[in-house]
Amino acid sequence: MANNAEDIENNMQNQQQSNGSPEPAQQPQEAGVTRVRSRGGSGAEGGGGGGGGRGGSGGGNGSGPEQNGQPPAARAPRVVETEEDEDEELTLKYGAKHVIMLFVPVTLCMVVVVATIKSVSFYTQNDGQRLIYTPFPEDTDTVAQRALNSILNATIMITVIIVMTLVLVLLYKYRCYKVIQGWLFLSSLLLLFFFSYIYLKEVFKTYNVAMDYFTLAVIIWNFGVVGMMCIHWKGPLRLQQAYLIMISALMALVFIKYLPEWTAWLILAVISVYDLLAVLCPKGPLRILVETAQERNEPIFPALIYSSTMVWLVNMADTDRPKRNSTEAASPQQETQQAVASPAPSSPSQDDGGFTPSWVSQQEHQLGPLQTTEETRREIQQLPSARPPVEDDDEERGVKLGLGDFIFYSMLVGKASAAASGDWNTTLACFVAILIGLCLTLLLLAIFKKALPALPISIFFGLVFYFATDNLVRPFMDKLALHQFYI
Amino acid sequence: MNLERLPNEEKLSLCRKYYLGGFAFLPFLWLVNVVWFFREAFVKPAYTEQLQIKTYVKRSALGLLLWVAVLTTWITIFQHFRAEWGEVGDYLSFTIPLGIP
């Protein structure tokens with residue numbers, strides 16, 4: 001990870017991803033599907049549309065190059081020989097913290113989806129409605145017919161997604177930014193108002209609560225407008241993260257409801273493969289998008305990427321890079337904190353940047369006393385920087401994951417909890433599988449330092465665990481319980 | 001968005017926009033304003049714009065309380081009397097619970 005600021009800024013380009021939100025059959029809409037790479041897709045999935053949701057874009061888990069590890073770059077010449085080792089260590093240190101920082105939102109999203117699936121029956125009912133993108137029904141007479149239908153559905157869906165991605169890349173290449181922004185705006189509008197309206201309605205029905213139009217209007221209006229402000233404009237970071245998680249969950253729920261069984265699993269598998277190809281192949285659309293954005297040195301629509309911000313201030317004074325401490329809890333310590341020297345005081349409100357005391361003291365041993373005090377930080381901030389600081393800087397310096405990834409992970413776990421006969425075993429197994437996949441992906445990211453698809457590994461593990469648990473583990477556990485045999 | 005990194009004028013401007021936005025039937029926006037700028041307004045050591053930010057935060061809190069009072073009253077009335085209002089009650093209802101009221 002030793003990515004430098006340049007990389008981070010370069011990597012802002014994530015591919016945009018707008019997923020078409022699946023539309024209930026009554027309202028065909030355009031599915032905007034853009035993939036966001038590396039940073040994540042966005043939820044814009046809302047864009048109507050069918051299922052395209054892609055979120056997939058597994059975009060390289062955001063973290064990719066965006067990992068923010070500011071490696072101690074300008075080191076005094078005397079420690080050059082240890083630079084390699086320290087870079088490695090930093091890489092892994094940052095990687096570990098980033099993984100954990102992503103666990104929480106991914107887990108939250110999945111929890112919301114599973115909780116809804118379990119309690120609100122609407123999302124598991126088969127109303128016979130389908131998305132226009134999956135026209136073939138799955139309640140057919142023969143298994144062969146069903147298999148064929150699901151393959152056709154998946155093919156249609158993936159074609160839609162490919163087309164949308166290409167459209168997006170073209171739009172981006174020809175600088176039609178307004179179109180893309182408008183598209184994303186409409187998608188998030190749809191998600192925040194319409195889908196949350198449906199969600200609320202179903203929740204009230206489930207809990208048998210009376211609700212009047214006036215209160216409902218106030219709630220939806222507030223939720224929607226504040227959501228739009230937080231996502232597309234400025235708002236508190238936590239609130240923005242919460243909104244992104246909520247819209248990902250909403251999108252995943254829509255997918256779970258409107259995609260028939262076999263189609264859903266097939267789509268997950270195919271999308272992972274597509275993600276892999278689109279991001280890693282030289283001619284892949286997402287890769288082209290990332291490279292174009294890097295060439296132009298522009299950030300891509302940060303509105304639809306989940307980011308948690310953490311900036312690591314490692315060394316200072318002689319670097320020309322702007323370093324900022326953007327830990328949320330940093331404020332109370334303007335006056336006081338003398339961090340670091342020997343064991344870094346990790347006062348509860350101070351983020352020690354992931355440096356454990358032992359690491360810091362080792363660092364200090366090699367480099368001389370390391371001071372990341374507020375004063376020095378401020379000094380650094382005032383240093384002229386080689387690269388003008390991007391104004392949404394804190395967006396770029398955190399770990400980023402595409403919203404599409406959230407959506408597909410949650411969709412997998414939600415489907416597992418909805419459909420599996422093994423119930424909680426299967427759900428938990430899928431959950432663990434996805435988290436493991438995420439860890440591995442982030443590890444690869446730290447090693448390769450370029451945009452990587454976040455979907456393939458996790459989805460692959462998730463699918464394997466789902467089918468294995470459902471078909472092998474569950475009967476086994478049942479038999480054991482039946483015979484009162486505890487292992 | 002991290003408030004720490006903004007210059008004070010921008011903080012004031014943001015607070016002001018949130019305050020004004022809340023007048024469009026958005027008590028949630030006022031709530032966000034209060035929570036987000038609370039520390040800025042009351043905990044931080046004084047700076048020039050802080051007085052104005054304090055005013056905005058206080059007014060947002062006031063507006064929020066007002067809205068909460070109104071909404072609570074209305075919800076209480078509605079939930080209590082909904083069944084008795086007959087048709088009007090149904091007309092006002094978005095979801096109607098099943099069973100005997």
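Me: What should I know about the model and its numbering?
Reply: The model is predicted: local features need pLDDT of at least 70, side-chain atom pairs count only at pLDDT 80 or more, and totals for chains, interfaces and linings use all residues. Residues are numbered from 1 along each chain as its sequence is written, chains are lettered from A and ligands numbered from 1 in the order written, and side-chain values use heavy atoms, with hydrogens and water left out.

Me: How many residues of chain B are in contact with chain A?
Reply: On chain B, 32 residues are in contact with 37 residues of chain A, contact meaning heavy atoms within 4.5 Å.

Me: And what area is buried between them?
Reply: About 3,000 Å², of which carbon and sulfur atoms give 64%. Buried area is the accessible area (1.4 Å probe) that two parts lose on being put together, summed over both.

Me: Which three residues of chain B supply more of its buried area than any other three?
Reply: They are B:Met1, B:Arg5 and B:Phe94, which supply 27% of the area that chain B buries against chain A.

Me: How many salt bridges are there between the chains?
Reply: The count is 0, a salt bridge being a side-chain nitrogen of Lys or Arg within 4 Å of a carboxyl oxygen of Asp or Glu.

Me: What is the residue make-up of the side of chain B that touches chain A?
Reply: That side has 22 nonpolar, 4 polar and 6 charged residues. Nonpolar covers Ala, Val, Leu, Ile, Met, Phe, Trp, Tyr, Cys and Pro; charged covers Asp, Glu, Lys and Arg; the others, Gly among them, are polar.

Me: Changing topic, which residues of chain B does UniProt list as "transmembrane region"?
Reply: The unreviewed UniProt entry lists residues 20-39 and 60-81. Positions follow the numbering used here, feature names are shortened, and annotations may be inferred rather than shown by experiment.

Me: How much of each span is helix?
Reply: Residues 20-39 of chain B are 75% helix, with end C-alpha atoms 20 Å apart. Residues 60-81 of chain B are 100% helix, with end C-alpha atoms 31 Å apart. Helices (H or I, at least four residues) are DSSP runs.

Key. Helices (H or I, at least four residues) and strands (E, at least two) are DSSP runs, numbered from the N terminus.
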